[in-house]
Amino acid sequence: MKNLHFSVLISFILLGCGGQKTIKNIDDNIVKVAVDATHFTTANANTSITTIPCTLSDGTKTKCYQIVTNSTPTDHQMGPWCPTNISDDASAGGIWLEDGKVYDVDGAFIKNLAPFYKVAICQSNDSIGNIFVTATEEDCINAANPNVGAEYENFCVECLPSYLTKVSQTYVIPIEPVQTEAPAFFMGRPGGTGRPERPARGDRPDGPPPARGGRPGGPPKRGDGGIPATRGIALNGVEFSAPAPV
């Protein structure tokens with residue numbers, strides 16, 4: 001399947017910063033539901049979870065789940081993402097995001113990239129309609145290079161999960177969620193454009209940034225506008241990431 005069918009729960013990192021200016025928005029009536037670790041392990045048997053003592057960024061000592069995953073789901077097949085011929089339908093490719101819209105990457109989409117972007121670009125398929133697609137791990141690495149060589153220009157870059165066999169991510173989240181007094185606006189301020197924005201000066205923390213859920217005691221990965229690049233983790237072990245730059 002081309003789409004990643006994530007499970008419902010996103011374990012957002014709800015930790016505040018110690019010694020920072022806070023926004024008084026704590027709701028004492030909010031219902032807090034403890035994380036059920038079995039949802040993760042039943043969705044992906046390769047995910048391991050242990051209970052560890054932890055200290056939240058506000059100084060609270062509590063217990064956390066340490067979740068280790070290779071981010072490869074077992075509940076569905078990933079890919080394909082690149083069609084191989086301009087006659088291929090949507091089942092042969094992934095999706096494309098542009099101006100807030102989702103497009104199927106079928107053969108016709110690849111064929112019409114030039115008019116889609118209203119620019120003159122080189123042909124991405126040969127004379128009989130075969131689309132140029134990366135075929136090996138080496139091709140993936142070379143074609144994904146921002147300073148790509150001429151031999152990989154106008155390729156559909158398909159990097160397969162099988163290329164990454166020794167990669168794992170570790171996330172640490174409190175078993176009992178804690179509402180933060182200084183929320184991170186993942187997609188801009190309420191009522192804004194939806195684009196990531198850097199917080200106003202008065203709202204920025206004076207102290208260090210909150211600990212990222214996946215890196216105990218370390219700073220969070222930051223995306224555009226200084227917001228976290230990691231948004232959460234799906235039950236099947238796949239990370240919810242910020243949009244990739246395009």
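A search through the whole structure, which is a predicted model, turns up 8 aromatic pairs. Rings of Phe, Tyr and Trp (its six-membered ring) pair if their centres lie within 6.5 Å; planes under 30 degrees apart count as stacked, over 60 as edge-to-face and the rest as tilted.

**View A. Tyr152 and Phe155 pair up through their rings.** The ring centres sit 5.7 Å apart with planes at 65 degrees, so this pair is edge-to-face. Tyr152 is buried at 13% relative accessibility, while Phe155 is partly exposed at 27%. Buried means under 20% relative accessible area, exposed over 50%, partly exposed in between (1.4 Å probe, protein chains only).

**View B. Ring pairs make a cluster.** Its members are Trp96, Tyr103, Phe109, Phe116 and Tyr117.

View C. Pro80 belongs to the loop between strand S2 (61-69) and strand S3 (95-98). Helices (H or I, at least four residues) and strands (E, at least two) are DSSP runs, numbered from the N terminus.

**View D. Asp99 and its positive phi.** This non-glycine residue has phi near 55 degrees. Asp99 lies in the loop between S3 and strand S4 (101-104) and is exposed, with a relative accessible area of 70%.

**Notes.** Residues are numbered from 1 along each chain as its sequence is written, and side-chain values use heavy atoms, leaving out hydrogens and water. Local features need pLDDT of at least 70 and side-chain atom pairs count only at pLDDT 80 or more, whereas totals for chains, interfaces and linings use all residues.
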